[in-house]
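Take a first walk through this structure with the model open beside the text. Start with the whole chain, then move to single residues.

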Amino acid sequence: MSSEPTPSRRPIAALRVSTVALIGVVAAVAVPAAAASVVLSGSLDSQQKQQDLSQADRVTRVVIVDQDSSVRITGNAALFGVTGHATVNWHAFGSSATNAKVVQQYADGVLTLTKDCARTDCHADIDIQVPPTVSVLVTTSNAGVSVSNVSGGVELHDANASITAKQLGAGDAWMETSNAPISATFAGGPKNIFAHTSNAPISITTDGRTTYYDKLQTSNADTHPDNSNQDRRSDNEIDAQTSNAPITVK
């Protein structure tokens with residue numbers, strides 16, 4: 001059998017021209033884009049300020065709704081209202097008048113704190129002192145929450161950051177986060193203690209007097225119901241749930 005030589009193929013002129021043209025277009029687009037990137041990166045400034053937070057009128061409830069901001073609330077028996085501060089961090093371009101801040105709203109004994117980033121990215125570290133009898137609602141993410149010496153009910157929602165509660169009173173306690181630990185100690189005896197997280201431990205220390213039905217659930221770890229005041233017939237309940245980490249109740 002005879003074989004014929006493979007015929008040679010001539011380059012297609014149109015294809016050569018299109019390829020060259022395409023390279024030119026890419027270069028033309030890339031250069032201005034790179035230049036713009038340099039300009040923008042060179043004009044981005046980090047800003048920070050301390051902002052006073054206060055409310056002279058009687059406060060019975062504190063509500064903080066935010067994300068990417070840490071929260072610290074401490075009960076102080078000498079207070080009638082609220083006092084404290086926020087450390088606010090944000091980004092601004094050049095001499096922009098952007099001015100991020102924490103907004104305070106007060107009505108009927110309820111102080112609400114929210115964040116105004118003024119069309120940029122920002123976060124605030126909020127640290128306030130409150131009357132110990134207040135109830136507390138906090139919703140945030142990616143930053144820790146700490147509440148201490150408060151006897152009213154607490155409802156703490158977080159994500160990817162820890163929740164720490166110390167010397168809480170008899171108000172119901174609801175604590176929920178993810179991928180971070182929950183630690184709570186009680187000076188009073190709430191009817192309900194709820195603590196849910198994931199991939200992190202839970203530690204709860206009761207007042208040692210109030211009886212509880214311990215409803216503890218975890219995976220790939222142990223539960224340690226070491227509280228001597230546990231009673232399956234009790235109407236009071238500790239509901240604690242996590243994964244890949246232990247749960248301890250004392």
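The paragraphs below go from the overall chain to its core, and then to selected strands and loops.

This is a predicted model. The chain has 250 residues, and buried residues make up 40% of them. Its secondary structure consists of 1 helix and 19 strands. Consider contacts between residues at least 6 apart in sequence: 52% of these join residues at least 24 apart.

Confidence comes next. The mean pLDDT of the chain is 84. A value of 70 or more is reached by 80% of the residues. Residues 1–42 are another matter: there pLDDT stays under 50. For this stretch the model has 2 contacts beyond four places in sequence. Where pLDDT is low, the predicted coordinates should not be read in detail.

Now turn to the interior. In soluble globular proteins, nonpolar side chains tend to be buried together. Here the largest nonpolar core has 47 residues. Six of them have the most contacts inside this core: I64, I73, I128, L156, M175 and I204. Pick out I128 and look at what surrounds it. Leaving aside neighbours within four places in sequence, I128 is in contact with residues including L53, V62, I64 and I73. R72, T74, H85 and L113 are also among its contacts.

Is S135 buried or exposed? S135 counts as buried because its relative accessibility is 16%, and the cut-off for buried is under 20%. Its side chain makes a polar contact of 2.9 Å with the side chain of R61. Beyond four places in sequence, S135 touches T60, R61, V62, G152 and G153.

Most residues other than glycine have a negative phi, and most peptide bonds are trans. N142 has a positive phi, near 60°. N142 sits in the loop between β8 and β9, the latter being residues 145–148. With a relative accessible area of 45%, N142 is partly exposed. N160 also has a positive phi, of about 60°, although it is not a glycine. The loop that holds N160 runs between β10 (154–157) and β11 (163–168). N160 is partly exposed, with a relative accessible area of 43%.

Next come the aromatic rings. How many aromatic pairs are there? The count comes to 1. W174 and F194 form this pair, with 3.8 Å from centre to centre and 10° between the planes. The pair counts as stacked because planes under 30 degrees apart are classed that way. W174 lies in strand β12 (residues 173–176) and F194 in strand β14 (residues 192–196), so the pair ties together parts that are 20 residues apart in sequence. W174 is partly exposed, at 36% relative accessibility. F194 is buried, with a relative accessible area of 14%.

Stay in strand β12 for E176. The side chains of E176 and W174 are joined by a polar contact of 3.4 Å. E176 counts as partly exposed at 31% relative accessibility. Not counting residues up to four places away in sequence, E176 touches L156, H157, D158, I163, I182 and H196. E176 and S198 are 22 residues apart in sequence, with their C-alpha atoms 9.5 Å apart in space.

Strand β16, residues 213–217, has two faces. Which residues are on the covered face? They are D214 and L216. Y213, K215 and Q217 are on the uncovered face. Strand β16 runs parallel to strand β18 (residues 237–241), and 5 bridges join the two. D214 stands opposite I238 in β18.

The walk ends at T218. This residue is in the loop between β16 and β17, the latter being residues 223–225. A polar atom of the T218 side chain lies 2.6 Å from the backbone oxygen of A245. Leaving out residues up to four places away in sequence, T218 touches T223, T242, S243, N244, A245 and I247. The C-alpha atoms of T218 and H196 are separated by 10.0 Å, and the two residues are 22 apart along the chain.

Conventions. Residues are numbered from 1 along each chain as its sequence is written. Side-chain values use heavy atoms; hydrogens and water are left out. Rings of Phe, Tyr and Trp (its six-membered ring) pair if their centres lie within 6.5 Å; planes under 30 degrees apart count as stacked, over 60 as edge-to-face and the rest as tilted. Helices (H or I, at least four residues) and strands (E, at least two) are DSSP runs, numbered from the N terminus. Buried means under 20% relative accessible area, exposed over 50%, partly exposed in between (1.4 Å probe, protein chains only). A nonpolar core is a set of buried Ala, Val, Leu, Ile, Met, Phe, Trp, Tyr and Cys residues joined through side-chain atoms within 4.5 Å. Contact means heavy atoms within 4.5 Å. Two strands pair if DSSP finds at least two bridges between them. A polar contact is a pair of N or O atoms within 3.5 Å; within protein, one must be able to donate a hydrogen and the other to accept it, and residues adjacent in sequence count only if both atoms are side-chain atoms. pLDDT is the predictor's confidence in each residue, from 0 to 100.
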